[in-house]
Amino acid sequence: MTYSDGNRGGKRERLAAAAAQVLHEQGMEKTTIADIARAADVPVGNVYYYFKTKDQLVEAAIDAHAQTLAAMISTLDELPTPQDRLKALLAGWAEQRELTARYGCPTGSLASELDKRDDGLDQTLAKAMRVLLDWAEQQFLALGRAADARELAVALIASYQGISLLTNTFRDPELMTSEARRLSRWIDSLT
């Protein structure tokens with residue numbers, strides 16, 4: 001995928017989105033600034049105007065993940081019930097099953113790679129992931145599960161991360177579909 005917005009502000013955003021995409025597809029070790037520039041349709045020399053280092057591009061990719069997450073949560077929050085919102089989250093994950101089978105979870109894969117470094121970017125990503133965890137907790141609270149809302153939220157996110165890993169490992173998108181159905185029944189059983 002390439003990005004084609006020609007204005008200055010658009011180049012920075014394109015580079016951040018391209019960094020998120022290429023890091024997901026190739027991982028941090030294989031990804032070069034040239035790969036990101038190519039995906040963003042920006043000359044390599046122009047990248048350094050916006051980002052001096054690859055780590056700055058990684059941080060921009062994390063911010064792109066956070067913005068995508070915020071937009072998704074905003075859309076989910078328009079649904080009438082917490083049960084509907086949680087099930088729509090599952091459906092969104094299941095829709096990404098082919099991409100997950102090929103490359104894994106974008107956020108989870110990046111978190112795993114960043115954990116091996118000692119530069120603080122892992123904690124930057126953890127903040128973005130915490131937003132989803134906190135949101136899920138709020139949904140379980142709204143379902144009347146005050147005593148165990150946090151545990152249920154952790155179980156939901158952990159199930160997704162686990163099935164993402166298995167889906168990618170076995171290159172079997174149907175694992176994601178099956179787990180989404182199981183989690184949907186689980187959510188129904190909690191109400």
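Tutor: In helix 9, L152, A155, L156, S159, Y160, I163, S164, L166, T167 and F170 meet P173, L175, M176, E179, R182, L183 and W186 of helix 10, where contact means heavy atoms within 4.5 Å. Helices are DSSP runs (H or I, at least four residues), numbered from the N terminus. By class, the residues of this contact are twelve nonpolar, three polar and two charged; Ala, Val, Leu, Ile, Met, Phe, Trp, Tyr, Cys and Pro count as nonpolar, Asp, Glu, Lys and Arg as charged, and the others, Gly among them, as polar. The model is predicted: local features need pLDDT of at least 70, side-chain atom pairs count only at pLDDT 80 or more, and totals for chains, interfaces and linings use all residues. Residues are numbered from 1 along each chain as its sequence is written, and side-chain values use heavy atoms, with hydrogens and water left out.

The axes of helix 9 and helix 10 come within 8 Å and cross at roughly 165°; axes are lines fitted to C-alpha atoms, for helices over the stretch in contact, with angles from 0 to 180 degrees between N-to-C directions. The two helices are therefore roughly antiparallel (over 145 degrees).

Helix 10 also packs against helix 5, at about 175° with the axes 9 Å apart, which makes helix 5 roughly antiparallel to helix 10. This contact has eight nonpolar, two polar and two charged residues. On the helix 5 side are Q83, L86, K87, L90, W93 and A94, which meet M176, A180, L183, S184, I187 and D188 in helix 10.

Definitions and conventions:
Parallel < 35°, antiparallel > 145°, perpendicular 65-115°, else oblique.
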